[in-house]
Amino acid sequence: MLREQDIAARVARLARLGRVRNFSPEKFDREFKTAAEGIGAGELLRLLLIEWSGVTLEPEEAAREFRRILRAFGTMRASLGEPLSLQTALLHEFHSRRGLLSEPRLLSDRDIATLRVNAITDPLTGLYNRRFLLDHLDREVARAERAGSVVSLIMMDLTGFKGINDRLGHPVGDSILVRTAAVIRESLRVVDAGCRYGGDEFVAVLPNSDIIHSLAVAERIRQRVSKIRLPRQVGLSVGLSYGVASFPTDGRLLDFLLKMSDIRLYRSKQQNAGPYPRTRRYPRFDVPGLVLKLPAARARRLEAAEIRDISYGGLAYVTMSGKPADAAHAEITQRFSSETHRVLIRPVSAVPLPDGRIRVGCAYAA
């Protein structure tokens with residue numbers, strides 16, 4: 001008993017022979033007799049006609065039609081006096097003469113599926129390409145707008161990649177891109193989409209995810225990329241910077257969302273640059289629409305405070321009541337998101353602002 005994949009392989013091979021411009025009936029007949037073993041000539045011809053034209057016939061009828069197609073092929077080749085494919089004769093017979101096809105079919109379902117995948121996939125990394133990103137983001141934003149939910153973006157850029165390309169060559173650079181793409185793919189949910197934006201830039205689209213969740217995903221990817229190893233003797237390493245944006249709090253237009261995530265990506269790079277060692281382990285972003293709810297001093301309720309900036313490792317908020325003395329349990333919510341994130345924050349700094357309020361910097365406590 002032949003397996004389905006074995007039958008499909010035989011059909012695909014014969015289908016390719018039928019599409020060759022200089023079709024040879026003798027060669028095809030030899031290959032056909034070998035391929036028909038264990039399948040049957042009528043059944044194999046039925047599968048071939050489906051592959052070539054999409055027309056489904058019974059095995060006996062398929063055998064009759066195939067003999068008719070071979071006669072048409074001989075007539076056309078003699079009248080044209082030049083090489084011809086068998087599929088051309090089939091399309092002429094089925095479409096032009098008999099009207100069995102409303103439209104001529106030049107590609108099989110397998111070829112069409114392959115072309116569709118290639119059209120939306122980056123050939124090097126296997127991630128989705130920029131064309132897919134724009135279409136997919138448009139659909140997800142429209143869905144979020146109808147449902148009143150959120151969609152988040154993570155824009156990522158490799159650090160140190162230019163030095164790798166310059167010193168180790170593009171083949172090594174390409175391998176870094178492929179390994180980074182694998183990390184991104186493994187770090188996302190099934191409903192998320194990882195895309196190569198261009199060069200060493202990547203974008204992830206996260207439906208129904210707020211900024212808090214997006215920061216956790218981005219940091220997970222960053223930490224895994226930092227573990228990609230290069231030859232020790234060259235003294236090079238690869239890292240990753242990221243920026244996040246969220247619909248609709250950061251904007252409702254696709255271009256604006258991409259621009260905002262790109263701006264925050266640039267700012268995260270700035271936080272790690274300069275002549276002084278960085279003081280923050282994680283990049284911080286000023287994201288609108290985030291609210292921190294803290295226990296009130298003299299009441300059994302939570303008071304809302306505006307979050308000024310946030311990172312994977314902490315946040316800063318503004319208050320009129322001064323810096324809390326101890327760690328406190330709090331809740332973080334984002335406008336338009338149904339998620340509530342409960343955190344334990346530990347105040348580490350308090351800076352007076354010109355308007356009389358105090359900016360309190362906090363780290364997440366374990």
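Predicted model: local features only at pLDDT ≥ 70, side-chain atom pairs only at ≥ 80, totals over all residues.
Consider next the pairing of β1 with β3. Strand β1 comprises residues 151-159 and strand β3 residues 201-207; the two run antiparallel and are joined by seven bridges. Within this pairing, Met155 has Val203 of β3 as its bridge partner.

Is Ser187 buried or exposed? Its relative accessibility is 5%, and Ser187 therefore counts as buried, the cut-off being under 20%. Setting aside neighbours within four places in sequence, Ser187 is in contact with Val217, Arg220, Ile221 and Arg224. Of these contacts, Arg220 is 33 residues away from Ser187 in sequence, yet the C-alpha atoms of the two are 7.2 Å apart in space.

Helix α9 also brings us to a pocket. Which elements each supply at least two residues of the lining of the second largest pocket? They are α9, residues 170-187, and β2, residues 193-198. The space in this second largest pocket amounts to about 150 Å³. Its lining consists of Gly126, Leu127, Tyr128, Ile184, Arg185, Leu188, Arg189, Asp192, Ala193 and Gly194. Sorted by class, the lining has five nonpolar, two polar and three charged residues.

In general, most residues other than glycine have a negative phi, and most peptide bonds are trans. Asn208, which is not a glycine, has a positive phi of about 55°. Asn208 is placed in the loop between β3 and α10, and with a relative accessible area of 52% it is exposed. The other feature is a cis peptide bond between Phe247 and Pro248, with omega at about 5°. Pro248 belongs to the loop between β4 and α11, the helix of residues 254-271.

Strand β8, residues 328-334, is mostly covered, with six of its seven residues buried. β8 pairs with strand β5, residues 290-295, in the antiparallel sense over four bridges. In that pairing, Leu290 has Gln334 of β8 as its bridge partner. β8 also pairs with strand β9, residues 340-352, again in the antiparallel sense, through six bridges. There, Ala330 stands opposite Val343 of β9.

β8 and β9 form a hairpin with five residues between them. In the turn, Phe336 has a positive phi of about 75°, and Phe336 is partly exposed, with a relative accessible area of 37%.

Within β8 we also find His329. His329 has 59% relative accessibility and therefore counts as exposed, the cut-off being over 50%. Not counting residues up to four places away in sequence, His329 touches Pro295, Val343 and Leu344. His329 and Lys293 lie 36 residues apart in sequence, while their C-alpha atoms are 9.0 Å apart in space.

Finally, strand β7. How many of the six residues of β7 are buried? Six of the six residues, 314-319, are buried, so β7 is largely enclosed by the rest of the structure. Gly314, Ala316 and Val318 point one way from the strand, and Leu315, Tyr317 and Thr319 point the other way; all are buried. β7 pairs with strand β10, residues 358-364, in the antiparallel sense over six bridges. In this pairing, Tyr317 has Val360 of β10 as its bridge partner.

Thank you for your attention.

Terms used:
Residues numbered from 1 in each chain as written. Heavy atoms only, no water. 1 Å grid on protein atoms, 1.4 Å probe; cavity = no way out; pocket = protein on both sides within 12 Å on 5 of 7 lines; lining within 4 Å. Points joined across faces, edges and corners; volume = space filled by probe spheres on them. Nonpolar A, V, L, I, M, F, W, Y, C, P; charged D, E, K, R; others polar. Pairing = 2+ DSSP bridges. Buried < 20%, exposed > 50% of the residue type's maximum accessible area, 1.4 Å probe, protein only. Contact = heavy atoms within 4.5 Å.
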